[in-house]
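Visitor: Please show me the model, and then take me through it one question at a time.

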Amino acid sequence: MAGKRKLEKFAMVSTFPNTFQNFRWEDPVLINNKQEEIDLCSKWREEYFNNDHPIVIELACGYGEYTIGLAERYPQKSFIGVDIKGNRVYQGAKYALENKLENVAFLRTDIRQIHHFFAEEEVDEIWITFPDPFRKKRQAKNRLTSAGFIDRYRKILKKGGLIHVKSDSDIIYEYTREVLDELKLPVFIDCNDIDKAEGLDPVLKEIQTRYEKIHRQLRQTIKYIQFGLDS
Ligand SMILES: C[S@@+](CC[C@H](N)C(=O)[O-])C[C@H]1O[C@@H](n2cnc3c(N)ncnc32)[C@H](O)[C@@H]1O
């Protein structure tokens, strides 16, 4: 039954005009709701959003709570949620359509391919929300803050752009700090418990993702790191 509902969501999300999908990870081509190939790389502002507003992407967006929550608060920015799971993207994309959020799009792809879908300096900010910890050391390259992923972000983030990482995971938190240290990247905020810190952007507490709610129930502290790529 659950499998059937998932399949229905996959089918539905393919018809959404605010969702673009890359079906074959090894072939970086986007498909729109008319099942046509569409090239939005360097053209998100001009051809999708029809404005020159800053572009913010949320990686590992899941159900897209940050994409939606930030889009509602900041109509003068454009937001794109990115995740590999169509049934999750479905949720945020459906909400955006029903609520006429024209500053929202979703991109279903493996984040390994992200640099094929955005041009150099096309992205103003990146949020990474509760990424999978990939607990085993040999899986570290899959963590969304590994050096390999940071290389990809470097290809698309504008100079002076910010990356925000929010997570319950000690593994992600410690690992991200180590990577930033090794790469000598500037860290602007490093907070191991957002509930105890003062002066943080209120959206960090106001917008809670599905995974965040689960982790809060388990009494996990929520960590936040904000950094840049200009070393
Ligand atoms: C723990 S969930 C968090 C979802 C959401 N941000 C939240 O906090 O509720 C991690 C998400 O990352 C996505 N993900 C992990 N690795 C990915 C990759 N390489 N490309 C695209 N999505 C990925 C998964 O599909 C999943 O939805």
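Visitor: How far from a nitrogen atom of the ligand does a polar side-chain atom of Asp-110 lie?
Guide: This is a predicted model, in which local features need pLDDT of at least 70 and side-chain atom pairs count only at pLDDT 80 or more, while totals for chains, interfaces and linings use all residues. Residues are numbered from 1 along each chain as its sequence is written, and side-chain values use heavy atoms, with hydrogens and water left out. For a polar contact, a pair of N or O atoms must lie within 3.5 Å. The distance from the polar side-chain atom of Asp-110 to the ligand nitrogen is 3.0 Å.

Visitor: How much of the ligand's accessible area does the protein cover?
Guide: On its own, the ligand has 590 Å² of accessible area, a value from the Shrake-Rupley method with a 1.4 Å probe.

Visitor: How many residues surround the ligand?
Guide: A residue counts here if one of its heavy atoms lies within 4 Å. Ala-60, Asp-83, Arg-88, Thr-129 and Thr-209 are the closest, and by class the shell has six nonpolar, four polar and seven charged residues. The number of residues surrounding the ligand is 17.

Visitor: About how much space lies in the largest pocket?
Guide: The space taken by the ligand is the largest pocket, and its lining has 24 residues, with Ala-60, Asp-83, Ile-84, Asp-132 and Leu-144 nearest its centre. By class, this lining has 11 nonpolar, five polar and eight charged residues. The space in the largest pocket is about 450 Å³.

Visitor: What is the volume of the largest cavity?
Guide: The structure holds one cavity of 30 Å³ or more. Among the residues lining the largest cavity are Val-165, Tyr-173 and Lys-223. Its volume is about 40 Å³.

Notes
Polar contact = N/O pair within 3.5 Å; in protein donor to acceptor, adjacent residues only side chain to side chain. 1 Å grid on protein atoms, 1.4 Å probe; cavity = no way out; pocket = protein on both sides within 12 Å on 5 of 7 lines; lining within 4 Å. Sits in = over half its atoms within 2 Å of the grid points. Nonpolar A, V, L, I, M, F, W, Y, C, P; charged D, E, K, R; others polar. Points joined across faces, edges and corners; volume = space filled by probe spheres on them.
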